[in-house]
Amino acid sequence: MSKISTSKQVIKLVGKAIGDFSLVQDNDRILVALSGGKDSWSLLYSLLALKKRAPINYEIQAVVIAPEPNTEYLGKMASRLNSDGIPYKFIYCDISSIVTKHLTNGTNPCSFCSRIRRGILYSFASGEGWNKIALGHHLDDFVETLLLNLFYNGSIKGMSPKLAADDGKNIIIRPLVYVREENTARMAEEMGLPVVDCGCIFQRAVDSKRLWVKELLTNLEKEAPNIKNSILSSMSRVYNRHLLNFVTKN
Ligand code: SF4
């Protein structure tokens with residue numbers, strides 16, 4: 001029996017997430033935030049593959065936020081997008097300069113950057129009539145974020161596969177919720193996707209807490225191989241009666 005490719009497995013899991021969480025509806029106009037990394041490429045190609053066989057009609061466009069035009073990495077991305085006939089838009093904004101100027105002690109540059117990026121995406125989406133923004137967070141991101149909040153912020157708070165954006169105008173979707181990070185890397189390799197980095201000066205900045213949680217999970221997986229799936233499942237099986245904020249009054 002021939003082995004199913006990782007790309008097909010990823011596409012299947014994206015389809016399952018779309019079904020489970022009603023991520024895509026008829027006539028949706030979906031912007032895919034493309035960074036050029038393995039996750040966002042896998043997300044884009046999965047959504048495009050599913051669109052071909054979907055019984056509903058929806059539109060997809062990739063959007064890339066880049067510091068400046070005519071860079072080598074943008075050229076590589078444009079070349080692949082053009083050759084596959086994928087609609088895209090480059091938006092130019094030197095976010096790392098903004099981050100450098102306004103970063104305060106103790107703030108993680110990438111968290112700050114993602115808030116700025118999110119703002120740019122929201123205003124572009126609402127200005128151009130796109131109603132959904134697809135982000136490339138994968139299963140490992142969901143699990144790590146939950147644990148980070150649990151360990152360091154004293155809250156049970158993770159990520160949602162679908163939520164209304166802060167501006168109330170857009171809907172954020174995260175169709176890679178069931179996809180392991182290692183499989184986005186495999187898919188990108190299988191499909192020859194041009195994984196690039198933007199050369200940002202903060203790329204080497206390490207989020208030590210996230211790194212620690214990542215390593216912790218890697219070690220725990222040796223003892224409990226299904227641990228990440230179990231943690232992800234726990235996010236949809238919350239028993240409020242057994243938590244502190246639902247204590248019976250009388
Ligand atoms: S590495 Fe740079 S561009 Fe990437 S998220 Fe961090 S600050 Fe933003």
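Predicted model: local features only at pLDDT ≥ 70, side-chain atom pairs only at ≥ 80, totals over all residues.
Trainee: Where does Ser 22 sit?

Mentor: In the loop between helix 1 (6–21) and strand 1. Ser 22 has a positive phi, near 50°, and it is not a glycine.

Trainee: And Asn 70, what is its phi near?

Mentor: Near 60°, again a positive value in a residue other than glycine. Asn 70 belongs to the loop between strand 2 and helix 3 (72–83).

Trainee: Why does Asn 70 count as exposed?

Mentor: Asn 70 has 7 C-beta neighbours inside 10 Å, so it counts as exposed.

Trainee: New topic, strand 1. How many of its residues are buried?

Mentor: 4 of the 5 residues in strand 1 (residues 29–33), so to speak mostly covered.

Trainee: How many bridges join strand 1 to strand 2?

Mentor: There are 5, and the two strands run parallel. Strand 2 covers residues 59–66. For a landmark, find Ala 33: Val 63 in strand 2 stands opposite.

Trainee: And which way does strand 4 pair with strand 1, parallel or antiparallel?

Mentor: Parallel, over 3 bridges. Strand 4 is residues 132–134. Ile 30 has Lys 132 as its bridge partner there.

Trainee: What do strand 1, helix 2 and strand 2 make?

Mentor: A β-α-β unit, and a right-handed one. Helix 2 is residues 38–53.

Trainee: How far does helix 2 reach?

Mentor: From first C-alpha to last, 23 Å over 16 residues. That is close to the 22 Å expected at 1.5 Å a residue.

Trainee: Which residues of helix 2 are buried?

Mentor: The list runs from Lys 38 to Leu 47 and includes Asp 39, Trp 41, Leu 43, Leu 44 and Tyr 45. Their cover includes helix 1, strand 1, strand 2, strand 4 and helix 7.

Trainee: Now helix 6. Why does its length agree with what it should span?

Mentor: Helix 6 (residues 139–153) has 15 residues, so at 1.5 Å a residue it should span 21 Å. Its end C-alpha atoms are 20 Å apart, which agrees.

Trainee: Which of its residues are buried?

Mentor: In helix 6, Leu 139, Asp 140, Phe 142, Val 143, Glu 144 and Leu 146. Helix 7 (181–190), helix 8 (208–223) and helix 9 (227–234) are among what covers them.

Trainee: What follows helix 6?

Mentor: Gly 154, with a positive phi near 60°.

Trainee: On to the ligand. Which residues are around it?

Mentor: Among them are Ile 95, Ser 96, Val 99, Pro 109, Cys 110, Cys 113 and Ser 114.

Trainee: Which helix gives the largest share?

Mentor: Helix 5, with 4 residues. Helix 4 (95–102) and helix 5 (109–128) each supply at least two.

Trainee: How many of the shell residues are nonpolar, polar or charged?

Mentor: By class, 8 are nonpolar and 3 are polar, with no charged residues.

Trainee: Last one, Ser 111. Where is that residue?

Mentor: In helix 5. Ser 111 counts as exposed because it has 11 C-beta neighbours inside 10 Å. From Val 99 it is 12 residues away in sequence and 9.9 Å in space, C-alpha to C-alpha.

Note on methods: Residues numbered from 1 in each chain as written. Buried ≥ 20, exposed ≤ 12 C-beta atoms within 10 Å, placed from the backbone. Pairing = 2+ DSSP bridges. Right-handed = clockwise from strand over helix to strand, strands pointing away. Near = placed C-beta within 6 Å. Nonpolar A, V, L, I, M, F, W, Y, C, P; charged D, E, K, R; others polar. Expected span 1.5 Å × (residues − 1). Contact = placed C-beta atoms within 7 Å.
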